[in-house]
Structures are given as structure tokens and as C-alpha cells.
Amino acid sequence: FITPLALVLSDTHLKSVEMERFADEADVVIVGGGPAGLAAAIRLKQLANKHEKELRVCLVEKAPQIGAHTLSGACLEPSALTELIPDWKERGAPLNTPVTEDVFSILTEKYRIPVPILPGLPMQNHGNYIVRMGNLVRWLGEQAEELGVELYPGYAAAEVLFHEDGSVKGIATNDVGIAKDGSPKDIFERGMELHAKVTLFGEGCHGHLAKQLYNKFNLRENCEPQTYAIGLKELWMIDEKKWRPGRVEHSVGWPLDRNTYGGSFLYHLNEGEPLVALGFVVGLDYTNPYLSPFREFQRWKHHPFVAPTLEGGQRIAYGARALNEGGCQSIPKLTFPGGLLIGCSPGFMNVPKIKGTHTAMKSGMLAAEAIFPKLTAETLDSETAGLHVPEYAENLKNSWVWKELYAVRNIRPSFHNYFGLYGGMIYTGIFYWIFRGKEPWTLKHCGTDANQLKPAKECTPIEYPKPDGKISFDLLSSVALSGTNHEGDQPPHLTLKDDSIPVARNLGIYDGPEQRFCPAGVYEYVPLDTGNGMRLQINAQNCVHCKTCDIKDPSQNINWVVPEGGGGPAYNGM
Amino acid sequence: MSGRVLVGVKRVIDYAVKIRVKPDNTGVVTDGVKHSMNPFCEIAVEEAVKLKEKKLIKEVVAVSCGPQQSQETIRTALAMGADRGIHVDVSGKDYENLGPLQVSKILAALAKQEDAQLILLGKQAIDDDCNQTGQMTAALLDWPQGTFASEVSLEGDKINLVREIDGGLEHIKINTPAVITADLRLNTPRYATLPNIMKAKKKKIVTVKPADLGVDVTSRLEVLKVEEPPQRQAGRV
């Protein structure tokens with residue numbers, strides 16, 4: 001496995017390439033401009049202003065503009081936002097759609113079984129808002145800039161930098177202008193180093209720098225492996241007659257079988273036009289390599305309960321992202337010398353509520369509050385060592401984030417029983433609704449998602465219906481709607497540790513599941529030019545940065561690294 | 001000779017984004033959509049910065065006409081090497097109706113005000129595909145024009161230019177001051193790296209209004225309707 005820089009170093013153009021990197025200093029560097037990163041940035045500046053201290057906070061974000069890589073359902077619980085910015089309404093935060101109707105169903109192929117949402121069940125949405133998360137993130141970015149945070153969208157953090165003592169010194173952005181074969185182009189430029197007293201890593205679900213940090217600092221030795229799901233989403237402009245603003249619909253059951261975790265959402269926004277956000281989530285611990293989350297999503301839309309809403313409408317956006325489902329069993333050690341993990345990266349999602357934004361924001365705020373007094377202490381000496389702030393982890397354990405996650409910790413794992421979905425619902429009904437998660441045991445997950453696939457010969461291929469072009473669509477036209485693009489002449493950012501494994505193992509044993517779980521058509525097994533055998537073709541330009549391949553590859557051979565900043569999807573209010 | 005070059009940069013919807021027509025058919029959806037610098041304008045900026053690095057000109061001034069967000073586009077030009085920026089503030093209905101004729105009048109006025117020796121523009125914008133601003137600006141100033149340039153070299157007070165035309169490559173020599181519009185093969189624009197974006201925050205952008213330059217931006221054109229292209233029909237053999 002060779003990094004692009006290593007390829008550059010081995011190139012004969014080396015002499016003409018300037019190898020020194022420009023470095024700059026900040027007090028705090030935040031990797032990732034999502035809800036957690038921005039909440040942390042805003043909280044830091046609020047504290048700095050309140051105590052009249054100068055604080056340089058720099059935030060780097062790989063998306064070309066803040067919010068362009070954000071994708072979420074979403075029903076937002078405004079608790080953390082209200083704590084962060086109490087006057088969010090006056091400031092114009094885009095929370096325009098209070099939830100008015102909340103519907104939960106179990107679907108069968110033709111019918112729908114309504115399930116009453118009793119007060120106290122986690123999926124109850126009273127008091128919450130349907131939001132276009134990309135717009136909320138964009139608004140948070142504006143608030144951060146007003147407070148003096150330096151935001152740098154379009155620049156990806158590619159490397160963690162370390163002091164001599166092993167503590168985190170900051171990050172470096174990637175080198176740009178490297179050709180597909182690894183050689184430097186005329187416009188080659190080295191990345192930049194951003195040094196900080198402490199670095200916050202808020203890369204979202206399954207961050208690539210976080211992966212490195214887990215190994216370096218053994219952050220995962222006392223927790224379970226993280227488990228994930230993939231969420232696919234579309235935005236539809238529907239017929240006005242079908243529009244019911246404020247209506248929230250969730251379903252489980254068809255088209256998934258009872259042993260495959262997942263379900264759907266459909267939210268009617270209320271922002272002046274008949275816009276509906278809908279999508280499908282599939283747990284990545286599924287066992288059948290023939291399963292295609294994208295095609296499950298497309299066929300779900302044809303269900304008699306769903307299709308009428310979409311008939312006569314127009315699809316205007318598509319995207320996908322992995323989300324974490326491990327809950328508190330999977331939360332790693334959160335702090336290490338020089339850095340902290342915030343947001344969906346360590347993973348604070350409340351799975352039965354299907355909400356992780358409020359906890360992500362709260363984690364960012366707690367991180368800021370723990371760091372601030374240490375940053376401004378007179379005894380600080382940061383030239384040669386990064387700050388260690390274990391107080392953040394303690395404060396998080398004592399906050400409502402932990403209480404909330406602890407109470408629901410057994411719901412997702414309870415799904416792993418013979419009755420699958422139904423066993424899980426019964427467990428939830430008894431132990432959560434009645435006993436509020438106070439049972440004295442904590443169920444375990446069943447290992448990493450990558451290890452769950454059964455060999456293809458033990459499974460049956462799934463017959464998916466052809467897309468009809470009106471309600472369901474093919475993969476490539478969907479990817480086009482994500483607006484994703486990458487500079488073509490750069491090394492593919494989906495790297496393989498061993499080039500021989502895909503055909504030998506992934507295709508040989510599992511029939512190439514990456515062709516099916518990638519929501520962007522990046523992976524294709526195509527015949528070799530010589531005619532005998534196949535090869536894996538990686539269409540890196542299509543990537544929507546969902547991270548599913550890095551998670552679900554049964555050989556764990558695919559390593560997602562960050563491409564040149566500014567590349568990736570161009571989501572608008574997703 | 002002032003040694004000053006004016007470079008026009010336009011903020012357009014990014015080329016990879018799927019365009020959507022507004023439900024009322026008055027235009028396309030721009031709110032929240034990813035925008036970037038018009039690719040041909042990037043090439044123009046790169047050429048100007050190259051000329052400065054060769055010490056053939058002294059100062060590069062980036063100009064953009066549009067709303068507040070056009071300043072981001074100017075910042076990118078500054079990060080690529082432009083020295084300062086001029087933001088001509090046009091927003092709302094005026095911005096929706098802004099076309100090549102008004103922009104040319106603005107550029108002509110600025111060229112006189114800044115005593116520019118050269119105006120470098122992209123050959124066309126990828127949103128309207130007009131390919132008119134360079135030509136109109138030259139006409140208003142009564143300057144020579146070198147359009148679709150794929151090679152530019154300064155020779156004393158003249159410019160040698162290679163133009164990409166249908167029949168092949170045309171070599172011409174024009175006097176300065178002149179207007180040049182950049183074609184695809186003129187150069188490969190450099191990246192706006194993070195250190196340069198940080199430094200660009202310290203470079204000056206001045207905001208002016210078209211009226212300050214004596215330009216009336218009322219449009220002589222009225223957009224009647226914007227529609228999606230018709231669905232492709234199957235072919236018949």
C-alpha cells in the first residue's frame with residue numbers, strides 16, 4: 001500500500017519539487033465542518049468572547065462549501081441547538097417544519113400494519129423539527145464565521161502530525177497536483193501543516209484519520225467494534241395535493257427480511273414548496289452478499305403505501321452515507337495527548353430514535369468546554385506536546401448524552417435473535433418502554449460488520465425489479481443527481497492494500513459484494529482485455545464519500561483515503 | 001505603460017452539478033447550489049499570474065460582477081496570485097438580468113479608471129455560453145481583440161497570439177492595449193492552496209456599484225421562459 005506522496009518521492013521529477021511544507025499555528029484545529037465540529041468551534045469562540053481571551057480556531061472541511069457533504073434524514077431534536085444558541089429562531093436557523101404527524105408501520109409486500117407510537121417509545125417525535133441538515137450546517141457555519149472562526153472548506157485534512165513525544169501536533173492537508181500514476185504534475189503543490197495546541201477530530205461516521213488514531217493510541221481496546229448502517233436518501237418535489245407538511249413516516253419490514261436490520265423514512269418538509277425527504281437504511285451487518293441497499297431502497301418506493309405520495313412528483317436529489325449503530329458499547333476512548341474525538345466519528349447516535357445530531361453537537365460543546373480552561377491556563381506549554389484533555393470524556397459520561405445512549409443500549413443488539421426484527425421489537429416494548437433500559441445487562445454486538453457476510457454459494461441471489469424511471473431509478477442517473485465529481489487526474493482515493501484480493505477473495509467467495517453495496521457504482525468487476533478472468537475497476541470519480549466500502553469489505557482490503565479537497569458530492573440541503 | 005492587467009472572473013454553478021429549472025420557469029435554481037469560478041476565467045487568471053511571474057506586467061486586478069458571494073470568487077483569484085480585487089455589486093433582479101453588454105460596459109469603465117494595459121477574460125461562461133463579453137469590451141474601448149487564445153506572448157508593446165479557430169490555428173499580432181479571451185489549451189490553472197487562501201484574506205477587495213462607474217445595468221433583453229430540454233426520444237433505424 002503506497003501513499004500518493006511516497007509515489008511522488010520515488011519519482012525522478014523530485015528535484016524540481018519543493019518538499020518543505022508551509023506551516024501555520026492555531027490554538028485549536030477542528031477537522032470536519034459538520035454539526036459536531038461547528039458546535040465545538042462556536043462554543044469555543046463564545047467562551048473566548050465571554051472571558052475576553054483571544055483564540056485562533058481553524059476548521060478544515062473537505063467539502064467545497066460547508067454543508068455540501070452533509071446528508072441526514074432528518075428529524076432534529078433541538079435540545080443541543082437551544083443550549084448552544086438559545087436565540088436560534090431569531091437568528092434564522094432553518095428549523096421551519098415542526099413535526100405534526102408521526103406514523104410508524106410494519107410493511108409487508110402489499111400491506112401495512114400500523115404500529116401505535118406510545119409516548120415514551122424512542123421514535124416519538126413530538127417537539128422535534130424536520131430539517132434539511134445541509135442547510136442547518138450551512139447556517140451553523142455562518143454563525144461560526146460571525147464569531148470569528150476561520151472556516152476553510154475545500155481543504156481536506158489528510159495526515160495527522162505528531163510531536164516527538166507522540167502527542168498530536170496538528171494536521172496536514174493533502175498534496176495536490178499528483179497525476180493518476182503518482183507523478184507530480186506541473187501544478188503540484190505540497191499540502192499545508194496546521195499546528196494546534198489541541199486538535200478536534202469530527203470527521204463523521206468512520207473517519208479516515210480516526211481509523212489511524214485508533215491504532216496509534218489503542219483507543220478501541222476496551223470497547224466493542226463499531227457497527228454501522230448505510231442510509232440512502234432522495235429529495236422529491238411532489239404533487240401539492242399529496243403534500244402533508246410536518247408528517248413523519250417510518251417503516252420496518254418489507255422489502256427486508258426479518259433478519260436484516262433496516263427501514264425507511266419519509267418526511268414532508270414545510271418550507272414553502274411540496275418537498276419530501278425520503279430514504280432507506282440498511283444495517284451493514286447483513287449476511288447475504290447479493291443484497292443491494294440501493295435496489296432495496298428503489299423497490300421500497302413502489303410499496304402501495306409509499307408510491308402514491310411520489311406519483312406525479314419529480315426526484316431532485318440523491319445521496320448516501322454510512323451511519324453508526326453501535327451505541328455506547330462501541331464508543332472508544334475519546335481523548336489522547338493532543339486530540340479529542342467528537343460527533344459521529346466516535347459515534348453517539350441514538351439508534352432507535354434514529355437521531356445523532358443532537359448528541360454530536362453536545363459532544364462538540366462538551367469538548368470545547370473541557371478544552372477552554374486548559375488552553376487559557378497560564379501554565380500551558382504546548383511547543384513540544386499536545387494538550388491532553390481527559391476531562392472531556394468524564395464530562396460526557398456525566399451528561400445527558402450518556403444517559404440517553406445507556407438507556408437504549410440494548411435495543412439494536414436485541415435484534416440478533418431467531419425472530420430478528422420481531423424479537424427486537426418485543427424486547428424494546430418490554431425492556432425499553434416499560435423498564436426504560438434499566439435492565440442490569442448489556443447485550444453485545446456480534447462482531448464487525450465486515451465479518452458478517454456469508455459466502456455467496458450459501459446464499460440466494462435476490463431478484464430485484466427493474467427501475468421504472470418514474471418512481472425507481474437506475475444507479476448511474478442517481479449518482480449524477482448527487483453532483484459528485486473529483487478532479488480526474490489524481491490517484492484513486494479508494495486504495496487497495498493488496499491488489500490480488502478483490503478477484504481472489506471478494507469475487508471468488510462473495511461474488512463481489514462491493515458492486516452491490518456501493519451506492520455510487522464505484523466498484524465494477526469487468527472482464528480482462530485478455531478475455532480470461534475479471535478485474536476490479538474502481539471508478540473513484542463517482543464516490544460520494546459514504547465510507548460503506550471501507551466498513552463492509554469482507555476482506556477489509558479497501559482503504560478509503562481523502563481525495564483532493566473540494567471533490568465529492570455537491571449536496572444542497574440534504 | 002501601467003503594466004496593469006484586469007482579469008474578469010465569473011461565479012457560475014459548478015460544472016458537475018445537475019441543473020434544475022425553477023418550478024415557475026423563470027430561471028434555474030441557484031440557492032444553496034455549489035458554485036465555482038468559471039473554468040475559462042480560471043485559465044485567464046492563471047495566464048495573468050504567469051505574465052506577472054515573468055515580470056512582463058506589474059499588477060493583476062481581479063474583477064467580478066455579482067452579489068456578495070462573488071467576493072469568494074475574487075478571493076480564489078487572489079489566492080492564485082492576483083494582487084487586489086474589485087467587486088462590482090449587482091444583486092437581485094439586476095443580477096438575474098445581467099448580461100454581456102452590461103458587463104462589457106463595466107469592464108470598459110474599469111479599464112479606463114485603472115489605466116489597464118490588458119484585459120484577460122475567459123472565452124465564455126459555462127452558464128450562458130454567450131461568448132460575447134470579450135468582443136463587446138474590445139469594441140467599446142476600440143481596442144484590438146485576441147479571442148480563443150491558446151498561446152500568448154508579449155513582444156515589446158505588441159502581443160503575439162495563437163487562436164484556436166475551426167480551420168486550425170491562427171497566428172496574429174495585435175497592439176496593446178488589448179482584450180484577450182482564454183481558450184481551454186492556454187494553460188493549466190494552478191490550485192488555490194490553503195496558505196494562499198489565508199494570505200488572500202489580507203489582500204484588498206474594493207466594492208463599487210455600476211452607477212459609480214456611470215453604467216446603467218438595465219437589460220435590453222427580457223427572459224420569457226426557461227424550460228428543461230425536451231426528453232430524448234428513441235431513435236429509429
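1. The lining of the largest cavity in this predicted model comprises 11 nonpolar residues, two polar and one charged. Here Ala, Val, Leu, Ile, Met, Phe, Trp, Tyr, Cys and Pro count as nonpolar, Asp, Glu, Lys and Arg as charged, and the others, Gly among them, as polar. The largest cavity holds about 90 Å³ of space; of its 14 lining residues, those closest to the centre are A:C518, A:P519, A:C543, A:C546 and A:C549.

2. Seven cavities of 30 Å³ or more are found in the whole structure. A cavity is a set of points on a 1 Å grid over the protein atoms alone where a 1.4 Å probe fits but cannot get out, and lining residues have an atom within 4 Å of a point.

3. Chain A contributes 29 residues to the contact and chain B 22, contact meaning heavy atoms within 4.5 Å. About 2200 Å² is buried between the two chains, 63% of it on carbon and sulfur atoms; this is the accessible area (1.4 Å probe) lost on being put together, summed over both. B:K34, B:Y191 and B:L194 supply 31% of the area that chain B buries against chain A, more than any other three residues.

4. Between chain B and chain A there are zero salt bridges (a side-chain nitrogen of Lys or Arg within 4 Å of a carboxyl oxygen of Asp or Glu).

5. Residues are numbered from 1 along each chain as its sequence is written, and chains are lettered from A in the order in which they are written. Local features need pLDDT of at least 70, side-chain atom pairs count only at pLDDT 80 or more, and totals for chains, interfaces and linings use all residues; side-chain values use heavy atoms, without hydrogens and water.

Terms used
1 Å grid on protein atoms, 1.4 Å probe; cavity = no way out; pocket = protein on both sides within 12 Å on 5 of 7 lines; lining within 4 Å. Points joined across faces, edges and corners; volume = space filled by probe spheres on them.
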